Amino acid sequence: MEIIVAKSAGFCFGVSNAVKTVNNLLEKQKEPIYTYGPIIHNTQVVDLLASKGVKKINDIDQATPNGHIVIRAHGVTPEIYKKILDKGLILEDATCPYVKKIHNLVREKSEEGYKIIIVGDKNHPEVIGINGWCNNKAYIADTVEDIEGLEPSDEKVCVVAQTTITKEKWVKITTELKKKFKNLLEFDTICSATSRRQNEAEEIAKHVDMMIIIGGKSSSNTQKLYDICKKHCNLTYKIETSGDLPPVDIKKIKKVGISAGASTPDWVIEEVIKK
Ligand code: SF4
C-alpha cells in the first residue's frame, strides 16, 4: 500500500508559535500558567499541557493575579486584553500575526467609516475576536443566503475573511456582495498556510482510494479539509487519533492519502501512518 502524506499536514506557523509560548513558560515560570480557552483545537496537546499544570480558563475571573495568561493564535477582543490587565495578569500574546493584521485592518477601516463584513463562522473564536476590533458591529456571513437580507447601497463596505475559510466560499460571497455594494473594499485575508494545505489535500484526494484527515473534533480547518477531500474521494475519513481509523478492507485499497489540520501535532500524524 502506498501512503501519500501531505507536506503541509499539521501545525501551521501560528499554532506552532502558540504551543511554543506555553512550553517556554513551563520551562521558566513557577506562577500559574493559564490559557484563554484551549491553546489549540487538539485534545491530545491540551491534555498533555494540563498534565504539566497549564490551566485552561474561559473567564479571566478564574485566574489569580500575577499568573501568566497565554492568548492563543485565534486572538481576542480588546475587552479581553483590558480584563487581563485589570486583573493584574502577565500577558503572553500568541495571537497569530496574520490574525492581528485583520484586527488592525477592521479597526482602521471602521474608524474610516466603513461598514465591516466578515466572511466566516460567527461562533468561531477568531471571528468573535475580529468583530471586537470594530466595536462588535461587523455583519458576519457564512453563506450566500446570509447576505440575502442586506439592502444594496452606496455606503463604504469593507469585507475580510476568517483565515481558515475556503477560497470557494470567499469568491461566492464576495461576488454577491459586489452586486449589492459599489463601494466594496475587499481584503482576502485567508491564510496562505490554509489555502496551501487545502489545495495539496485536494490534489492528493483526486488520486487515492482512501483519504484520511487527522484533527481535533472542534477544529474548523480540519472539517474544511474533510469537506474538500470528500468531494473527490468517497472514502474520506476524519479522525482524531490512530484509534479512530475505520475498519476498511485494506486489500481493496492501493493508495492512501493523509493530511491533517493546523492543530494536529506530528506525533499524532506519525501514529496514524504507523498503524
Ligand atoms: S492558520 Fe494561518 S492565520 Fe491561522 S494560526 Fe495558522 S498561520 Fe495563523
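# Chatting through the cysteines and a helix pair

Student: Where is the place of Cys96?

Tutor: Cys96 sits in the loop between β5 (90–93) and α4 (97–111). Helices (H or I, at least four residues) and strands (E, at least two) are DSSP runs, numbered from the N terminus. This is a predicted model, where local features need pLDDT of at least 70 and side-chain atom pairs count only at pLDDT 80 or more, while totals for chains, interfaces and linings use all residues. Residues are numbered from 1 along each chain as its sequence is written, and side-chain values use heavy atoms, with hydrogens and water left out.

Student: Thanks! Is Cys96 buried or exposed?

Tutor: Cys96 counts as buried because its relative accessibility is 9%. Buried means under 20% relative accessible area, exposed over 50%, and partly exposed in between (1.4 Å probe, protein chains only).

Student: And what is Cys96 in contact with?

Tutor: Leaving aside neighbours within four places in sequence, Cys96 is in contact with Phe13, Gly14 and Ala73. Contact means heavy atoms within 4.5 Å.

Student: What does UniProt place at Cys96?

Tutor: An unreviewed UniProt entry puts the feature "binding site" at Cys12, Cys96 and Cys191. They are spread over 180 residues of sequence but cluster in space, with a largest C-alpha distance of 10.4 Å. Cys12, Cys96 and Cys191 are also in the lining of the largest pocket. UniProt positions follow the numbering used here, feature names are shortened, and annotations may be inferred rather than shown by experiment.

Student: What is a pocket here?

Tutor: On a 1 Å grid over the protein atoms alone, a pocket is an open set of points with protein on both sides within 12 Å along at least five of seven lines. A cavity is a set of points where a 1.4 Å probe fits but cannot get out, and lining residues have an atom within 4 Å of a point.

Student: Where does Cys191 lie?

Tutor: Cys191 is in the loop between β9 (184–187) and α7 (192–206). Cys191 counts as buried because its relative accessibility is 12%. Not counting residues up to four places away in sequence, Cys191 touches Tyr98 and Thr163.

Student: Which other residues does UniProt list for "binding site"?

Tutor: The unreviewed entry in UniProt lists His41, His74, His124, Thr163, Ser219, Ser220, Asn221 and Ser263. The lining of the largest pocket includes His41, His74 and Ser219, among them.

Student: What does His74 touch?

Tutor: Not counting residues up to four places away in sequence, His74 touches His41, Val99, His124, Pro125 and Glu126. His74 is in the loop between β4 (68–71) and α3 (78–87), and His74 is buried, with a relative accessible area of 18%.

Student: New topic! At what angle do α4 and α5 pack?

Tutor: α4 and α5 (residues 125–132) pack at about 35°, with their axes 8 Å apart. Axes are lines fitted to C-alpha atoms, for helices over the stretch in contact, and angles run from 0 to 180 degrees between N-to-C directions.

Student: Which residues meet there?

Tutor: Val99, Ile102, His103 and Val106 in α4 meet Glu126, Gly129 and Ile130 in α5. The residues of this contact divide into four nonpolar, two polar and one charged. Ala, Val, Leu, Ile, Met, Phe, Trp, Tyr, Cys and Pro count as nonpolar, Asp, Glu, Lys and Arg as charged, and the others, Gly among them, as polar.

Student: One last thing: what about phi of Asn135?

Tutor: Asn135 has a positive phi of about 60°, although it is not a glycine. Asn135 is in the loop between α5 and β7 (139–141), and Asn135 counts as exposed at 58% relative accessibility.
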